[in-house]
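Student: I'd like to go through this structure with you piece by piece. Please put it up, and I'll ask as we go.

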Amino acid sequence: MRSIWNGSISFGLVTIPVKTYSATDRTSSVSFVRIHEKDGAPVQYRKICELDGNEVPNEEVGKGYQPPGDDTIVPITDDDLSRLPMPTAKTLSILSFVDPTEIDPLQMDKSYYLAPNGASAAKPYTLLREALEHHRKVAIGKVAMRGRESLAMLRAHDGALVMHQLLWPDQIRPATEVVPDDVEIRENEMTLAETLMDSLGELDPAELHDDYREAVEELVAAKLEGEEPVAPAAAASGAQVIDLTAALEKSVRAARGGDSGAESESASVTPLRGRAKKSAAKSTAKKSGTTQQATARKTGAAGTKKAPAKKTAAKKSATAPKAAGGRTKAASAAGKSTASRGTTATTGKSAAKSTTKKTAAKKTTAKKTGKRSSA
């Protein structure tokens, strides 16, 4: 790697000479050149003076500052900038040490590796790195690079010191215009969302790759070989509407490997009002079903309570025939209800006949007694 800036870290009275290297590589991303569609030749960018219309060579291109809302352009030379009172021009001056969570990721701009510049810088460099790791802090300071001053954050990473250029707080736009109105989130929806987070597992950086870049490379290779590029498969339609709870449940099953078809369904959220109406309808149906089940259970319970009465009647009817001479045998303990009813009816008739005979006998006796008395 090639060093892009040489300076020092000011840590109290300690000065650490460092070299700066870019920590990111954007050359691997897909980039295109502009061409003339008629003949395929590249289109050049030329610097044209707006006053005389002539092309300006690079050695005659300078700097200028245009105040906001003004058409006036003030020329600024490198000598003007060098005379500015900028103590951070060659020094990253540490201001404080803070907890990493206090830094908003929105402020992150560019990242650089810092390396010790010379043998004498190795020990203080290592001391600062170890102190940051042990104390679990990051250093906040200011540095001027490439003609402008910016905030900087130092942190320990993979045995090295990393410097992140930070945006100034007034460069962060407020989020008030993009925040939605008050939305009610139900407890089961929050639980499902957290379950889905846990089900997705950990991320392996080795599995991450740029699918778009690979597709562009395949397209270019096919064109170089004179082949017709293969059209990709059509994406699934997003017209299907699934409510939020159902979408979360299917996502959890898919993340756990229990529902392979959930991935092919694109989910969008239904309005809460529609959801409320559906929930009310379902609740009414559930209440109706519960009422019917309760009625059926009560009916069954009533039938169960009547059963002992039938058994008692069966026992009584079994006893009555024995008293009358044993004409009818008692039914078994597990007798059917039809047999019990028949036995009860027969016993009633026998008892009625027996009572009638006894009553007739009494009347006859009474008549004979009356005749004797009158004689």
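Student: Where is Asp158 found?
Tutor: Asp158 is found in the loop between strand E8 (148-157) and strand E9, where helices (H or I, at least four residues) and strands (E, at least two) are DSSP runs numbered from the N terminus. This is a predicted model, in which local features need pLDDT of at least 70 and side-chain atom pairs count only at pLDDT 80 or more, while totals for chains, interfaces and linings use all residues. Residues are numbered from 1 along each chain as its sequence is written, and side-chain values use heavy atoms, with hydrogens and water left out.

Student: What is the phi of Asp158?
Tutor: Asp158 has a positive phi of about 55°, although it is not a glycine.

Student: And is Asp158 buried or exposed?
Tutor: Asp158 counts as exposed because its relative accessible area is 73%, given that exposed means over 50%, buried under 20% and partly exposed in between, with a 1.4 Å probe and protein chains only.

Student: OK, now Arg136: what is its phi, although it is not a glycine?
Tutor: Arg136 has a positive phi of about 55°. Arg136 lies in the loop between helix H2 (122-135) and strand E7 (138-145), and its relative accessibility of 68% makes it exposed.

Student: Switching to Gln107: buried or exposed?
Tutor: Gln107 counts as buried, because its relative accessibility is 14%, and it is found in the loop between strand E5 (91-98) and strand E6 (108-116).

Student: Which residues does Gln107 touch?
Tutor: Leaving out residues up to four places away in sequence, Gln107 touches Leu151, Gln165, Leu166, Leu167, Pro169 and Ile172, where contact means heavy atoms within 4.5 Å.

Student: Let's go to the sheet. In what order do the strands close into a barrel?
Tutor: The barrel has 7 strands in the order E1-E2-E6-E9-E8-E7-E5, with mixed pairing. Neighbouring strands of this sheet are turned by 40° against each other on average, direction ignored; axes are lines fitted to C-alpha atoms, for helices over the stretch in contact, and angles run from 0 to 180 degrees between N-to-C directions.

Student: How many bridges join E2 to E6?
Tutor: Strand E2 (residues 14-22) and E6 are joined by 5 bridges and run antiparallel, two strands being paired if DSSP finds at least two bridges between them. Ser22 stands opposite Tyr112 in E6.

Student: And E1 with E5, parallel or antiparallel?
Tutor: Strand E1 (residues 5-11) and E5 run parallel, with 3 bridges joining them, and Ser10 stands opposite Ser93 in E5. E5 also pairs with E7, in the antiparallel sense and over 5 bridges, and there the bridge partner of Phe97 is Ala139 in E7.

Student: What does Lys90 contact, leaving aside its neighbours within four places in sequence?
Tutor: Lys90 is in contact with Trp5, Asn6, Gly7 and Ser8. Lys90 itself is found in the loop between helix H1 (78-82) and E5, and with a relative accessible area of 51% it is exposed. The C-alpha atoms of Lys90 and Ile9 are separated by 8.9 Å, although the two are 81 residues apart along the chain.

Student: Which residue does Arg129 form a salt bridge with?
Tutor: Arg129 pairs with Glu130, with closest N and O atoms 2.8 Å apart. Arg129 is buried, with a relative accessible area of 16%, whereas Glu130 is partly exposed at 38% relative accessibility.

Student: Last one: how many helices and strands are in the chain?
Tutor: The chain has 7 helices and 9 strands, and buried residues make up 17% of its 375 residues. Among contacts with a separation of 6 or more, 63% are between residues 24 or more positions apart.

Key. A salt bridge is a side-chain nitrogen of Lys or Arg within 4 Å of a carboxyl oxygen of Asp or Glu.
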